[in-house]
Amino acid sequence: MAEAYAWIEEGGVWRRNLGSMESFYLTLASPEGEAVHWMIGCCVSIKYRGNDSIDIENAIRQAWKTTRHGFPNIAAVIDPSAQEMVVGPDDPTAVDEWSLKSFKTHDGITADELFSSFKSQFSMTLHFLRDTNELMIQAPHALIDGRGILYLYHALFTALSRKPEDHANGHLEKTGPPNLTKPYDEWLGLSAQPSEKNIKDAESIFQCFAQEKPILLPGVDFGRKPQKAIHRELALSEESTRAIIDACKRKGITVTTAWHAALAMAVQ
């Protein structure tokens with residue numbers, strides 16, 4: 001099974017087949033450059049309380065390059081036609097070229113305006129909004145999820161916390177094979193082809209959700225291009241939050257599942 005998702009290196013470029021979850025999210029993606037239904041976007045505000053002589057923009061760029069060394073998959077590109085994940089060379093010239101494409105700075109735009117302008121892409125980008133000192137990571141869902149974004153920010157801020165000379169201009173010596181990701185299929189030991197037992201188990205799980213009045217999606221024209229994305233916030237009280245989590249525990253479902261069900265019900 002592991003062979004089905006093995007990374008193959010040729011000329012400094014690494015490739016592997018997409019896992020089932022990655023392939024699923026790729027099917028939801030729009031063609032590159034078009035309006036998109038599914039795009040990960042996460043924004044954080046930063047504040048530096050140290051030496052005023054520090055070039056914040058350059059420090060972030062170097063930290064981004066340093067983070068790539070530890071987690072090279074942030075430089076991955078999804079190849080839709082080949083159904084592959086591709087990570088380019090990590091020599092200094094290639095990393096510099098990657099950083100020019102993947103780290104973008106903006107003036108005179110808010111985070112919400114930037115988010116609304118997102119188009120489909122098959123690689124990851126770190127945006128820096130100079131006016132508000134905000135960072136926003138933009139990525140296709142086939143490359144990362146919400147929890148992964150939090151881990152990535154942690155890695156980026158860890159790199160930022162180091163002294164400037166420790167970044168070595170973002171170029172670090174190789175200490176072994178690159179730290180490339182594995183798909184969920186390999187972590188969970190799933191076969192590339194489901195067995196009869198796998199199919200029956202899946203049917204049994206889905207049967208638990210069967211009900212007399214199932215949740216139905218409204219009439220949606222999936223051939224229609226999506227409009228611009230809009231960011232909305234929902235603040236719940238501590239009491240409501242605890243009630244939702246307790247209800248999910250009693251039902252044996254995740255909060256994410258309950259959230260998706262609530263969205264489906266809200267738009268019926």
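In this predicted model, the axes of helix H2 (residues 56-70) and helix H3 (residues 92-102) come within 10 Å and cross at roughly 120°. Here axes are lines fitted to C-alpha atoms, for helices over the stretch in contact, with angles running from 0 to 180 degrees between N-to-C directions. Helices are DSSP runs of H or I with at least four residues, strands are E runs of at least two, and both are numbered from the N terminus. H2 and H3 therefore lie oblique to each other, a label for angles that are not under 35 degrees (roughly parallel), over 145 (roughly antiparallel) or 65 to 115 (roughly perpendicular).

On the H2 side, the residues that meet H3 are Arg61, Trp64, Lys65 and Arg68; their partners in H3 are Val95, Asp96, Trp98, Ser99, Leu100 and Ser102. Contact means heavy atoms within 4.5 Å. Sorted by type, the residues of this contact come out as 4 nonpolar, 2 polar and 4 charged.

Now for the strands. An open sheet holds 4 of them in the order E1-E2-E5-E4, with antiparallel pairing; strands count as paired if DSSP finds at least two bridges between them. Strand E1 (8-10) and strand E4 (77-79) sit at the edges, each pairing on one side only. On average, neighbouring strands of this sheet are turned by 30° against each other, direction ignored. E4 is joined to strand E5 (residues 84-87) by 3 bridges, and the two run antiparallel. Within this part of the sheet, Val77 stands opposite Val86 in E5.

Residues are numbered from 1 along each chain as its sequence is written. Local features need pLDDT of at least 70, and side-chain atom pairs count only at pLDDT 80 or more, while totals for chains, interfaces and linings use all residues; side-chain values use heavy atoms, leaving out hydrogens and water.

Technical notes. Nonpolar A, V, L, I, M, F, W, Y, C, P; charged D, E, K, R; others polar.
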